[in-house]
Amino acid sequence: MKKLLKIFLASLALTFTFSHAFAWENDLEQAASRAKANRKMIFVILGREACTNCQHLKKMIRTNAVNLKADRYIIADINCDNKKQNTDFFKRYSVGGKTLPFVAIARPDGTMLVSRTGYGEAADYQKLIKEAEKKFSSK
């Protein structure tokens with residue numbers, strides 16, 4: 001019985017680990033291409049390494065405080081200091097505000113569903129994700 005319980009717990013841990021594992025893309029074109037090919041929404045973060053707000057968001061995603069599902073999303077972590085990536089982001093997405101991070105959630109075809117800018121807590125991002133998923137489902 002103990003052996004069976006150990007096997008069950010090990011498989012549960014493995015499932016949890018892989019279900020929350022994301023391959024973070026650092027190129028918006030590649031992320032968009034993967035999203036389209038896999039019929040997943042794209043969660044785009046435009047920020048920088050030195051930005052406390054940006055790092056806070058990434059930590060919330062990695063620790064699952066912001067609950068993105070790997071089977072539904074591709075994450076694009078775009079560096080705003082890369083001029084090409086920054087330009088590509090703003091050509092695709094209309095995000096108001098002036099504070100990092102800029103976040104956009106888009107359909108697999110790249111059409112923006114929702115966006116926000118600046119510092120946010122997990123509840124703020126969960127609300128944004130819920131709104132995006134509602135819009136995505138109503139298509």
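Reader: Which residues is L68 in contact with, leaving aside its neighbours within four places in sequence?

Author: This is a predicted model. In it, L68 is in contact with F22, F43, I61, Y73, I75 and I129.

Reader: What is the largest nonpolar core, and which residues have the most contacts inside it?

Author: It has 21 residues. F43, L68 and I105 have the most contacts inside it. Strand 1 (41-47), helix 3 (52-62), strand 2 (73-79), strand 3, strand 4 and helix 5 (122-137) each supply at least two of its residues. Helix 5 gives the most, with five. A second, separate core has 19 residues, including L46, C51, C80 and A104.

Reader: How do I read the sheet? What is the order of its strands?

Author: Start with the general idea. Side chains in a regular strand alternate between the two faces of the sheet. Now this case. The sheet is open, with four strands in the order 2-1-3-4 and mixed pairing. Strand 2 and strand 4 are at the edges with a single partner strand each, so one side of each has no neighbour in the sheet. From one strand to the next, the twist averages 15 degrees.

Reader: Which strands does helix 4 touch?

Author: Helix 4 (residues 83-92) packs on the sheet and touches strand 1, strand 2 and strand 3. Its direction makes about 130 degrees with that of strand 1. Helix 5 lies across strand 1, strand 2, strand 3 and strand 4, at about 165 degrees to strand 4.

Reader: In what sense do strand 3 and strand 4 pair?

Author: Antiparallel, over five bridges. A106 has M112 in strand 4 as its bridge partner. Five residues lie between the strands of this hairpin, where G110 takes a positive phi near 100 degrees.

Technical notes. Residues numbered from 1 in each chain as written. Predicted model: local features only at pLDDT ≥ 70, side-chain atom pairs only at ≥ 80, totals over all residues. Heavy atoms only, no water. Pairing = 2+ DSSP bridges. Core = buried A, V, L, I, M, F, W, Y, C linked by side-chain atoms within 4.5 Å. Buried < 20%, exposed > 50% of the residue type's maximum accessible area, 1.4 Å probe, protein only. Contact = heavy atoms within 4.5 Å. Axes fitted to C-alpha atoms, helices over the stretch in contact; angles between N-to-C directions.
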